[in-house]
Amino acid sequence: MKSQRISEAVIRRLPRYYRHLMLLDEQGIERISSSELSERMSLNASQIRQDFNCFGGFGQQGYGYHVKSLLGEITNILTLNTTHSMVVAGAGNIGQALSNFDGFVQSGFLIKALFDVKPERIGTSINGKPVLNLDTMESFIMENNIEIGIIAARKSVAQGLVDRMLSAGVKAIWNFAPVDVKADVPIENVHLTDSLAVLAFKLNNWE
């Protein structure tokens with residue numbers, strides 16, 4: 001399965017399916033229909049069936065979906081059954097918050113180290129993860145086969161950090177700097193204030 005053949009909208013719904021199926025599995029629910037799943041997720045049942053058909057379809061007519069099996073399929077599609085090693089550039093508030101979030105480990109995302117330029121941070125650790133000198137970032141990435149680079153630094157240096165990570169061999173970028181960075185690898189630019197802006201609009205236009 002080639003991800004570029006799947007629409008961006010479908011890809012972004014996959015983690016939602018994963019979360020809801022995890023909850024269903026934890027509740028001991030063995031099977032669920034597309035209509036029942038649609039009610040839980042506020043999606044159209046037809047949309048759910050179309051999404052799953054992009055990957056071959058997983059249900060049986062008159063039976064629905066076997067929750068544990070479907071969860072396994074989505075887990076495989078998202079490659080959450082493997083370990084992804086990551087590093088963080090920036091050990092400030094965002095970098096520390098990401099390092100302290102233990103939920104990443106449950107999905108196989110492991111932060112191996114953080115990098116910073118401030119002497120008071122270098123040599124410390126955050127939730128068991130070392131904070132190293134930024135000058136050693138490239139060598140650490142190469143020596144530890146790091147897949148994902150996380151940008152948690154100010155916007156003026158973000159693109160430069162991305163370029164350095166790419167030169168060292170990272171295969172994807174997760175950017176939290178308040179600027180869109182560019183890379184010839186998969187990239188996610190996360191703007192925290194965008195969600196708040198949308199929420200503010202909804203708050204003032206809710207009927």
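The legends below describe close-up views of a predicted model. Local features need pLDDT of at least 70, side-chain atom pairs count only at pLDDT 80 or more, and totals for chains, interfaces and linings use all residues. Residues are numbered from 1 along each chain as its sequence is written, and side-chain values use heavy atoms, with hydrogens and water left out.

**View 1. Asp 51 and Arg 13 form a salt bridge.** A salt bridge is a side-chain nitrogen of Lys or Arg within 4 Å of a carboxyl oxygen of Asp or Glu. The closest N and O atoms of this pair are 2.6 Å apart. The bridge links distant parts of the chain, with Asp 51 in helix α3 (residues 45-53) and Arg 13 in helix α1 (residues 8-26), 38 residues apart. Helices here are DSSP runs of H or I with at least four residues, numbered from the N terminus. Both partners are buried; buried means under 20% relative accessible area, exposed over 50%, and partly exposed in between (1.4 Å probe, protein chains only).

**View 2. Arg 121 pairs with Asp 116 in a salt bridge.** The N to O distance is 3.0 Å. Asp 116 is buried, with a relative accessible area of 7%, whereas Arg 121 is partly exposed at 23%.

**View 3. Glu 138 and Arg 164 meet in a salt bridge.** Their N to O distance is 2.6 Å. Glu 138 lies in helix α7 (residues 137-143) and Arg 164 in helix α8 (residues 155-168), 26 residues apart. Arg 164 counts as partly exposed, at 25% relative accessibility.

**View 4. Helix α9 covers residues 192-205.** The count of buried residues among its 14 residues is zero.

Conventions: Helix = DSSP H or I, 4+ residues; strand = E, 2+ residues; numbered from the N terminus. Expected span 1.5 Å × (residues − 1).
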